There are 2 protein chains.
Amino acid sequence: MSPDSSNLREPVFAIPFDLPGIGEGQRTAALHRQLRDAIIDGRLAAGERLPSSRRAAEALGVARKTVVAAYDLLIAEGYVLPRPGARAAVADIAARRASRTGPLEARARSELIAPAWRTPPPRHAQAVPLPERSFRTGVPEHRFFPHDAWRRLSARAWRQWSKRPFGYPPVEGVPALREAIAQHVAFSRAVACNGDEVVVTSGAQNAFDLLARLLVEPGRTRVAVESPGYPTLRQAFAAAGALVVPVPVDDEGLRVDLLPKDVRVVCVTPSHQSPTGVALSMRRRAALLAHAREHDAVIVEDDYDGEFRYSGRPLDALQTLDRDARVFYVGTFSKSLFPAIDTGFVVAPAWARASLAAVKRMGDSHAPGPLQETLAAFIREGHLARHVRRMTPIYAQRREVLLEALEGGLRRWFAPIPSIAGLHLAARIDPAADARAVFDALRRHAPGAQTAAEYSLQADALQAAVFGYAVIDADDIREALARLARALSR
Amino acid sequence: MSPDSSNLREPVFAIPFDLPGIGEGQRTAALHRQLRDAIIDGRLAAGERLPSSRRAAEALGVARKTVVAAYDLLIAEGYVLPRPGARAAVADIAARRASRTGPLEARARSELIAPAWRTPPPRHAQAVPLPERSFRTGVPEHRFFPHDAWRRLSARAWRQWSKRPFGYPPVEGVPALREAIAQHVAFSRAVACNGDEVVVTSGAQNAFDLLARLLVEPGRTRVAVESPGYPTLRQAFAAAGALVVPVPVDDEGLRVDLLPKDVRVVCVTPSHQSPTGVALSMRRRAALLAHAREHDAVIVEDDYDGEFRYSGRPLDALQTLDRDARVFYVGTFSKSLFPAIDTGFVVAPAWARASLAAVKRMGDSHAPGPLQETLAAFIREGHLARHVRRMTPIYAQRREVLLEALEGGLRRWFAPIPSIAGLHLAARIDPAADARAVFDALRRHAPGAQTAAEYSLQADALQAAVFGYAVIDADDIREALARLARALSR
């Protein structure tokens, strides 16, 4: 392959080769791989000339075409440079010799990651593993879910999908699901909307993230959040560059009277405040809508577990009362169905829809079409409503048992905070009690129970415990809280 | 319900009621609803006193307890204020009387949406509807997909899932899928990694969005993108606040020699440049890695359709050659399997993984656990590799037919740009030709074909056409391009 290949004084390879005895193809591959490795790890130095194919073939005892083929591969890959009128030389592939454990490892975090993410925000407390039956919040009961119906509809959706050409689902969600959600919220929460107003999201957290990016001008927009309040909603707005303003909560919910006039966005959980569980009173709802109108703010209404209600009539959703297109209503199926579905939605005012879709397109997080079709059919055929109807009395009984224990054997330490909905209950800790001791006892005897402080941004955090009752039986509640009472009495 | 209810001179309602003839409960509901509507629309003014329940009952011809019940509901809701020692009065619910068509609708876009989103970026050109068989890019062929295997594995995954308690999948993805992906890329792309290094994303776009938020300090970080290059990747980095720097592409791929020294991130498509289709030469790969090391930058390697290769050996992925932990390798299953799966992944350096997971947690976009398990099994059982092996010759034949037409009847207008992989082919338009006329003819006779200009950030955009051949048969290609040739000859 080079004119001076007949020169017998040229050096042969200084490196050993291990070539298979049979199969030119295999010998070519082996020779190529071994030469390449030698070049990469520097045993064949940059600029070093390769022996001619004839000479190499002799030295290695292989056919010349084997060497030529291996050389050609190396040349094609740029490991070897062909030089007209001279023997090919090893290319200078400096990058390949750089150590994988360069100085970067140490510097990287501080230099190459955006400041906002250099120290990742802590995971939500519930990311820590817990026993299957516990007081954890945020996860519903799985044992009464209509799995057969779900699997049947899932199989049907994938079957129908298999007959259609491939494509990307609409960024706002598949029409059938948006319609089903509109009917569901109209029925269950008197949220009047049609499918066009619904944007399907990857769960409520994705909705918060999208709304934060939609509504926050980094470093400028002030956003009011409940304190105590849901931490990862707060984190989503902070990550978007919002100036987060904590606003206290009392037994009527958000202290609307304490809302600064310059907040552009107010995030609130009216049905079942997270974590205290109180409902935003009708007076406060009217005041909040008036405040938003007067000071030109929008409201993010987080209705995460409002489907499960234990008193007669629910209060109207803010979205229902809104006459001024200021409310973004966020719902999720993670509590009413199951978390793995990771599907939620935003009912958005018309003026924001195109931009919201654009934000969503950037992140491209849509549930697979067939899964959306499955959920749409599940809702349309009444399984969601039936499941909620079925679970409500089950959760209600657990809630009753929990209240009995708190107002009975534990009344010296706890005072339940009134609520009418949801899957968890909060209880104030008696100011006279030693909160530290109470929380220690909770950790030991009521795994999963949280402290309201975990939700708080304020120094004078509410001294309260938060008990989830969605994944624990009435008897387990009685037992655990009896143990808790005994431990505290000591 | 009030002490002076015996006063006969008190006014009765000034508004008419329509109450059902039978059923106290229904009469209560009707009275409650009609009173509430009258308060909301102002027919009953704020401060106006309600007649006593006795007087109202007489006037309406209903039982007194019916009126008392309706009043109590209104009081509970805050529509009516009870006043000790006096008759209840209509509350001032100003918010409810505000018009839904307030001044907001007009002002909103400009004032309440973050500047970045006030004018949504345009949808990718392919969002416009196209005939089923067309030259569109970005969507693979559905007719040869092993739907039965997929449905079987999907049913199995949901069945297994139904036996476990509910919970949230890990933010980085389910372990089985991360493992399967690691083995898949090691086998198909020589990308050496283990499951821990893989973060599952909602498609490649979600990966770009996460990396943009991870790596971009808004208003400061300079990010190099290929020009022409993939528009929505660019948009994701721009949306994160990056200063986007377009860098030209030639027949060896990205012009590494033109990379500014101050870019922190370089986004590149080495296997199959989007849209020109050229492969980044080995020399350029080495130079790019050297540049990144020298100037402390990281590389986002977008390998969106590299699985489909039509020449012998692929060039090594940048991730494979990287010895300095600077490459984020992004892959997707939208092309090798189907878009609706909306699942991609990032192979991330160790130093960035915790922060990347934190960014992902904010957006909470994880594919449902059972879908991830389905995909994991699909890969583990070899269906993915088999499907790619099966589709490659099918796509290769279409590609051949496309090349024949471009180099044959269309050679006066087009010069194909060399490429060795992927699902689309780009062809330069002869400088002597009237580009406008060519593009008009393309729109009419080659639906789905794009212009490279749609991908370009530069004024002197590459004059080229981009033909997808994934969803069009060889015969359709021949026919369409024959029509195109005839049209252009006129």
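A:R220 and A:E217 form a salt bridge, with their closest N and O atoms 3.5 Å apart; the term denotes a side-chain nitrogen of Lys or Arg within 4 Å of a carboxyl oxygen of Asp or Glu. This is a predicted model, in which local features need pLDDT of at least 70, side-chain atom pairs count only at pLDDT 80 or more, and totals for chains, interfaces and linings use all residues. Residues are numbered from 1 along each chain as its sequence is written, chains are lettered from A and ligands numbered from 1 in the order in which they are written, and side-chain values use heavy atoms, with hydrogens and water left out.

**Salt bridges**

- A:R220 is exposed, at a relative accessible area of 61%, whereas A:E217 is partly exposed at 25%. Here buried means under 20% relative accessible area, exposed over 50%, and partly exposed in between, computed with a 1.4 Å probe on protein chains only.
- Over all chains, the structure holds 44 salt bridges.
- A salt bridge of 3.4 Å, N to O, joins the side chains of A:R151 and A:D148. Both residues lie in helix α7 (residues 147-161) of chain A, three residues apart, which is about one turn of the helix. Helices (H or I, at least four residues) and strands (E, at least two) are DSSP runs, numbered from the N terminus.
- Within this pair, A:R151 is partly exposed at 24% relative accessibility, and A:D148 is exposed at 57%.
- The side chains of A:D473 and A:R398 also meet in a salt bridge, at 3.4 Å from N to O. This pair links distant parts of the chain, 75 residues apart: A:D473 is in the loop between β14 (464-468) and α17 (474-489) of chain A, and A:R398 is in helix α15 (residues 383-407) of chain A.
- A:R398 is buried at 3% relative accessibility, while A:D473 is partly exposed at 23%.
- A network of salt bridges links A:R398 and A:D473 with A:R133, A:E141 and A:R143.

**Aromatic pairs**

- There are 41 aromatic pairs over all chains. Rings of Phe, Tyr and Trp (its six-membered ring) pair if their centres lie within 6.5 Å; planes under 30 degrees apart count as stacked, over 60 as edge-to-face and the rest as tilted.
- A:W161 and B:F145 form an edge-to-face pair, 6.5 Å centre to centre with 80° between the planes. The pair crosses between chains, from helix α7 of chain A to the loop between α6 (115-118) and α7 (147-162) of chain B.
- A:W161 is buried at a relative accessible area of 7%, and B:F145 is buried at 5%.
- B:W150 and B:F338 form an edge-to-face pair, 5.1 Å centre to centre with 90° between the planes. B:W150 lies in helix α7 of chain B and B:F338 in the loop between β9 (327-332) and β10 (344-347) of chain B, so the pair ties together parts that are 188 residues apart in sequence.
- Both B:W150 and B:F338 are buried.
- A cluster linked by ring pairs contains A:F145, A:W150, A:F338, A:F378, B:W158, B:W161 and B:F166.

**Helix α16 of chain B**

- In this helix (residues 435-445), the residues B:A435, B:V438, B:F439, B:A441, B:L442 and B:H445 are buried. Seen down the axis of α16(B), the buried residues fall within an arc of 160°, so they line one face of the helix. The arc is that of the directions from the helix axis to the C-beta atoms.
- Exposed residues B:R436, B:R443 and B:R444 are carried on the face of α16(B) turned away from its buried side.
- The cover over the buried residues of α16(B) includes β11 (414-416), β12 (424-429) and α17 (474-489) of chain B, where contact means heavy atoms within 4.5 Å.

**Nonpolar core and chain A**

- The largest nonpolar core has 73 residues, and those with the most contacts inside it are A:F135, A:F338, A:F414, A:L442 and A:F467. Such a core is a set of buried Ala, Val, Leu, Ile, Met, Phe, Trp, Tyr and Cys residues joined through side-chain atoms within 4.5 Å.
- Chain A has 17 helices and 14 strands, and buried residues make up 60% of its 490 residues.
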